[in-house]
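I kept this notebook while clicking through a protein model.

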Amino acid sequence: MPHSILWSVILAFHIISIMFWVGGTAYAAIIMRQSLSLLDPTQRNSVQLQSLGRFFRVLLHVIPTALITGWLMILHEGGFAQAPWTTNLMQLLGIVMAVLYVRVLTGPFQKARRALRPQPALFDSIRNQTLVIMALGLIAILAASLGHPFL
């Protein structure tokens, strides 16, 4: 595989990972909640747990892919010492987003999974933390755009 094709594939994996991560959080936090309001509480809890469980399993693969491909591209462009501030901001936000994901997964989502009748407050906590992750992701996308101006 030629050198430029390899880096194009790495960039594509990075962008696709970010698309799933940020887009998925937007869907989970904003769109899914509105649709679930039509269901009775028992069905709502079941659908939320199943949907979030599947989404969080996908993120177990997506997050490492996004971080690793990002770091590979930094190394390819001259290393961490040469990275512009926008790239460093993206790194910071990506790491914070990953930590928040682990916090949601091991905290309120785990409690909701183990509860016989999960309380709405647990799902509200998951949603609020997911909204923070989404906002940080949008800022990271903005940083990416600022870091590559059109000439």
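**Contacts along the chain.** I began with contacts, meaning heavy atoms within 4.5 Å. Among contacts between residues at least 6 apart in sequence, 80% join residues at least 24 apart.

**What I'm working with.** This is a predicted model, where local features need pLDDT of at least 70, side-chain atom pairs count only at pLDDT 80 or more, and totals for chains, interfaces and linings use all residues. Residues are numbered from 1 along each chain as its sequence is written, and side-chain values use heavy atoms, with hydrogens and water left out.

**Overall layout.** I looked up the elements and got 5 helices and 0 strands. The C-alpha trace spans about 55 × 30 × 25 Å along its principal axes. Of the 151 residues, 38% count as buried. Buried means under 20% relative accessible area, exposed means over 50%, and partly exposed is in between (1.4 Å probe, protein chains only).

**Helix 5.** I then listed buried residues in helix 5, and among them are Leu122, Phe123, Ile126, Gln129, Thr130 and Ile133. What do the buried residues of helix 5 pack against? My list came out as helix 1 (3-36), helix 2 (41-76), helix 3 (85-106) and helix 4 (108-114).

**Two residues up close.** I picked Ile141, which lies in helix 5. Ile141 counts as partly exposed because its relative accessible area is 38%. Setting aside residues up to four places away in sequence, Ile141 touches Ile18 and Val22. Ile141 and Val22 are 119 residues apart in sequence, yet 9.3 Å apart in space, C-alpha to C-alpha.

Is Ser17 buried or exposed? Ser17 has a relative accessible area of 6%, so it is buried. Leaving aside neighbours within four places in sequence, Ser17 is in contact with Val62, Thr65 and Ala66.

I searched the whole structure and found 1 salt bridge. The rule is a side-chain nitrogen of Lys or Arg within 4 Å of a carboxyl oxygen of Asp or Glu. The pair is Arg33 and Asp124, with the closest N and O atoms 3.8 Å apart. Arg33 sits in helix 1 and Asp124 in helix 5, 91 residues apart, so the pair links distant parts of the chain. Arg33 is partly exposed at 38% relative accessibility, and Asp124 is partly exposed too, at 34%.

**The cavity.** I needed the grid rules here. On a 1 Å grid over the protein atoms alone, a cavity is a set of points where a 1.4 Å probe fits but cannot get out; a pocket is an open set with protein on both sides within 12 Å along at least five of seven lines; lining residues have an atom within 4 Å of a point. Grid points are joined across faces, edges and corners, and a volume is the space filled by probe spheres set on the points.

I found 1 cavity of 30 Å³ or more. The largest cavity holds about 50 Å³ of space. Its lining residues include Trp21, Phe56, Tyr101 and Thr130. Helix 1, helix 2, helix 3 and helix 5 each give two or more residues to that lining. By class, the cavity lining has 6 nonpolar, 2 polar and no charged residues. Ala, Val, Leu, Ile, Met, Phe, Trp, Tyr, Cys and Pro count as nonpolar, Asp, Glu, Lys and Arg as charged, and the others, Gly among them, as polar.

**The pockets.** The largest pocket holds about 820 Å³. Which residues lie nearest its centre? Of the 31 lining residues, I noted His14, Met73, Thr87, Met90 and His148. That lining divides into 19 nonpolar, 11 polar and 1 charged.

The second largest pocket has a volume of about 390 Å³. It is lined by 22 residues, with Arg44, Asn45, Gln48, Pro120 and Phe123 closest to its centre. I sorted that lining into 11 nonpolar, 6 polar and 5 charged.

Definitions and conventions. Helices (H or I, at least four residues) and strands (E, at least two) are DSSP runs, numbered from the N terminus.
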